[in-house]
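Trainee: Could we look at this one together and talk about how the helices pack?
Mentor: Of course, here it is.

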Amino acid sequence: MSWSRYLKIWLAQIRYSLVREMMFKANFLLWLGTETMWFSLQLIFVEVVYGHVGEVAGWSRYEMILLVGVNHWIQQLFQAFFMVNFFNLPELIRTGKLDFYLAQPVSPQFLVSTRLFEPGALINGALGLGVCGYAILHLGLSITPLGVGLFILLTGFGVMIHYSLLLALVTLSFWIVRSQGLIYGYYNLFQISRLPRQAFKGMVRIIFTFALPMLLVANVPSEALLGRVNWNLLGVMGGLGTLFFLATHFLFNRGLRAYGSASS
Amino acid sequence: MLKRYWHVFLIGFQNALVYRWNFLLRCCFSLVPLLGTIFFWGAIYQGKGNVGGYSYEGMISYFVALLVLDALTSPTEDDFQIAADIREGMMNQVLLKPVNYGAYRLALYFSGRMVYAMSTIVPVGVAVFWLRSRLNWPKEIDVWLLTILAVLGSGFLQFAITFCTGLLAFWLLDVGGVIFILFGLEYVAGGHVFPLNLLPQPLYQVALHLPFAYEYYFPIAVFGGQLSEAELWRGFLLQWLWIGLMSGLGWATWRQGLKKYTAVGG
């Protein structure tokens with residue numbers, strides 16, 4: 001099946017999700033407010049810390065605001081297109097509803113990952129991008145077409161890393177029935193990704209750079225915007241993103257083989 | 001009378017045991033942000049002896065004390081369970097029995113905390129042991145006694161707030177949004193993200209008058225032994241005042257809610 005057909009299906013699903021979401025407007029606004037508030041909390045934290053110190057791990061106040069903004073942008077983008085679907089996977093497996101996905105003439109991994117779309121998260125992501133713009137203005141950074149291109153590429157790598165890690169985690173529910181706790185645990189990892197990587201030392205830094213690359217997801221794109229591109233880390237980020245994506249695809253297919261279908 | 005709730009406690013204890021692995025996992029995952037906190041504050045203290053009146057050791061002690069406090073008092077699913085009781089009509093069973101729903105939930109809250117504390121003793125113990133050289137322990141026995149009192153107060157207050165939010169399910173279909181907004185407020189205004197006295201003075205004063213400070217910041221400040229005698233007594237007074245207010249609010253909400261309750265299903 002061609003790429004354009006997949007794109008068409010994806011767009012149709014997004015349209016479906018939009019219609020569905022607009023049926024519950026109050027709920028939509030409430031969750032939008034909730035996410036915005038949590039983002040504000042991160043910014044308040046930065047303000048409080050920089051009320052006492054001038055820089056942290058070589059990051060000035062507005063550089064840190066940029067990092068928090070970039071992290072929010074990437075995280076919300078991931079949340080908008082994929083994350084809500086992953087939350088549903090354990091339930092689909094447990095109840096046997098995954099059968100419906102398997103019966104379609106498209107890749108099951110594609111359907112499982114893209115079925116639902118969360119428009120609120122996209123709005124929140126844009127808010128993150130707005131905060132980035134605010135920080136960029138304050139820092140007096142110049143934006144070049146090359147910089148924008150690089151930022152888009154790195155955003156893609158960041159989303160790919162989140163996608164692969166969380167999908168690998170939920171794929172475990174093919175073998176473990178109660179895996180909901182694992183997924184909520186992923187929220188804790190998000191908290192690492194908005195911290196400057198230079199603050200971490202030793203083994204912990206190695207783990208969060210290479211094994212669970214949270215310290216790359218938002219740090220590398222932010223550093224690229226700041227004109228401090230670290231080409232080695234950029235390569236590592238792209239390489240790990242691709243590697244993890246392939247490994248997760250393999251794991252997901254193994255999981256499907258273990259799937260016994262609980263229904264009927 | 002008390003025996004009744006003792007049985008609720010025992011049943012709740014057995015029920016909660018089912019979730020012991022979940023609790024353990026949850027606690028292990030919560031060590032990840034702690035790791036981030038330790039390194040991030042380490043970077044903040046680079047070349048600095050003191051930030052906002054805290055030494056690096058003082059700051060780390062604060063967050064480790066928070067970890068222990070959470071393990072002892074943090075409600076896990078209580079609000080969602082109350083909401084589910086209402087939505088799914090499970091409340092009918094309780095209404096038909098001579099029990100007070102508030103006391104019934106309180107007994108379940110205690111049993112849940114007991115199992116949670118037991119299941120998480122290993123990860124919390126490991127964290128405390130790993131950081132032992134950086135922690136400031138109080139030496140005076142009365143500081144320990146006051147801490148126990150403040151932690152108990154924190155537990156009652158967290159329960160009362162949770163009870164009120166769960167009861168909103170009488171009016172709202174999905175209480176999740178409200179719970180997460182409140183959770184965010186508790187986190188920042190309660191001192192879960194940073195010690196409240198790092199705030200600019202006017203904001204700090206505002207925070208001290210809100211209930212959230214008495215959930216996390218106050219018990220830890222008591223443990224840290226950094227409060228003057230006047231601050232200590234004022235703190236306890238406000239903590240128990242808020243417990244009273246929130247319990248009253250819970251009672252009123254319950255009375256109003258019952259009028260709306262339609263006992264679906266069950």
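Trainee: How many residues of chain B are in contact with chain A?
Mentor: In this predicted model, 29 residues of chain B are in contact with 29 residues of chain A. The elements of chain B that give two or more residues to that side are α2 (20-44) and α9 (176-189).

Trainee: Ok, and which one gives the most?
Mentor: That is α2(B), which gives 14 residues to the side of chain B that touches chain A. By class, that side has 19 nonpolar, seven polar and three charged residues.

Trainee: Switching to inside chain B, at what angle do α2(B) and α7(B) cross?
Mentor: Their axes cross at roughly 25° and come within 9 Å, with α7 covering residues 121-130. Since angles under 35 degrees count as roughly parallel, α2(B) and α7(B) are therefore roughly parallel to each other.

Trainee: Which residues make that contact?
Mentor: From α2(B) they are C27(B), C28(B), L31(B) and L34(B), and from α7(B) they are P123(B), V124(B) and A127(B). These divide into seven nonpolar, no polar and no charged residues.

Trainee: And what about α6(B), how does α2(B) cross that one?
Mentor: The axes of α2(B) and α6(B), residues 101-119, come within 9 Å and cross at roughly 60°, and that makes α2(B) oblique to α6(B). The crossing is right-handed, and R20(B), F23(B) and L24(B) in α2(B) meet V115(B), Y116(B) and S119(B) in α6(B). By class, the residues of this contact are four nonpolar, one polar and one charged.

Notes:
Residues are numbered from 1 along each chain as its sequence is written. Chains are lettered from A and ligands numbered from 1 in the order in which they are written. This is a predicted model: local features need pLDDT of at least 70, side-chain atom pairs count only at pLDDT 80 or more; totals for chains, interfaces and linings use all residues. Two residues are in contact if their C-beta atoms, placed from the backbone, lie within 7 Å. Helices (H or I, at least four residues) and strands (E, at least two) are DSSP runs, numbered from the N terminus. Ala, Val, Leu, Ile, Met, Phe, Trp, Tyr, Cys and Pro count as nonpolar, Asp, Glu, Lys and Arg as charged, and the others, Gly among them, as polar. Axes are lines fitted to C-alpha atoms, for helices over the stretch in contact, and angles run from 0 to 180 degrees between N-to-C directions. Angles under 35 degrees count as roughly parallel, over 145 as roughly antiparallel, 65 to 115 as roughly perpendicular and the rest as oblique. A crossing is left-handed if the near helix is turned anticlockwise from the far one by less than a right angle, and right-handed if clockwise.
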